[in-house]
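This report is written for a reader who meets the structure here for the first time. Please keep the sequence and the model in view while reading.

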Amino acid sequence: MELLEKRIVKDGKVVDRDILKVDSFLNHQIDVELLSLLAEEFYNLYKESNINKVLTIEASGIAVAAFTAKLFGVPLVFAKKSKSANISENVYSADVHSFTHGNTNKVIVSKEFLNSCDKVLVIDDFLANGQALIGLKEIVDKAGAEFIGAGIVVEKGFQPGGKMLRDNGMRIESLAIVKSMDPENGIVFEH
Ligand code: 5GP
């Protein structure tokens, strides 16, 4: 998506060869106009799929997922990071290794909000090694729901997540795919 790529080039900060910071429009300050346009792209990509729920993971996916859910007219559920070691039997859970923080979180979704009737679109801000999506897919599977696909704002194509998930048959739609980036030479996109 050209508008998004231009914004990433203008405002994104390549922290090192692995981390891209987009705090001025996605991860800290939120550009609501831009996010509503990103949501429209996700809507157009998945509008034939009859989804009835959007799922994301707290916290940074919530804003764009909320705009997307509004366009589909469906609820947004976000997986919560659980602080408790004891997981109640009323939730589905999965372990997710965090790329940016380097730790592993147990994430949970209440059984009340996901079930076998659901057709789920997963939305997230970034795709790197694919751990967040694997965890969310595990939760969808545990609920007996149907994983329709994922919508990602920024995929870092030089990291293995996207290829691994697509090779496993998952539909992954990314609005911008970074082919390479470094602090000196900037950001190159895949088309
Ligand atoms: P994965 O689970 O695919 O390895 O990483 C995706 C998750 O890590 C996303 O939910 C996102 O929050 C975070 N993440 C991964 N890479 C980046 C990055 O370059 N910048 C930011 N801001 N977040 C990232």
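The text below turns to the ligand, then to the pocket, and then to some local features.

The model is predicted, and local features need pLDDT of at least 70, side-chain atom pairs count only at pLDDT 80 or more, while totals for chains, interfaces and linings use all residues. Residues are numbered from 1 along each chain as its sequence is written, and side-chain values use heavy atoms, with hydrogens and water left out.

The ligand is surrounded by 17 residues, the closest being Leu20, Asn129, Gly130, Ala132 and Lys156, where a residue is near a molecule if one of its heavy atoms lies within 4 Å of it.

| Backbone atom of | Distance to an oxygen atom of the ligand |
|---|---|
| Alanine 128 | 2.8 Å |
| Asparagine 129 | 2.8 Å |
| Glycine 130 | 2.7 Å |

The largest pocket holds about 730 Å³ of space. A pocket, on a 1 Å grid over the protein atoms alone, is an open set of points where a 1.4 Å probe fits, with protein on both sides within 12 Å along at least five of seven lines, and its lining residues have an atom within 4 Å of a point; the volume is the space filled by probe spheres set on the points. Its lining is made of 30 residues, of which Ser60, Ser98, Thr100, Asp125 and Phe126 lie nearest the centre. Among the elements that give two or more residues to this lining are strand S2 (20-21), helix H2 (23-27) and strand S7 (119-127), and S7 gives the most, with 4 residues. Helices (H or I, at least four residues) and strands (E, at least two) are DSSP runs, numbered from the N terminus.

Two charged side chains sit over rings, a term that asks for NZ of Lys or CZ of Arg within 6 Å of the ring centre and within 35 degrees of the ring normal. Arginine 171 lies over the face of tyrosine 46, at 4.1 Å from the ring centre, and the charged end of lysine 137 sits over the ring of phenylalanine 147, 6.0 Å from its centre.

The backbone also deserves a look. The peptide bond from glutamate 58 to alanine 59 is cis, with omega near 5°, and alanine 59 has its place in the loop between strand S3 (53-57) and helix H4 (62-72).

How values were computed. A polar contact is a pair of N or O atoms within 3.5 Å; within protein, one must be able to donate a hydrogen and the other to accept it, and residues adjacent in sequence count only if both atoms are side-chain atoms.
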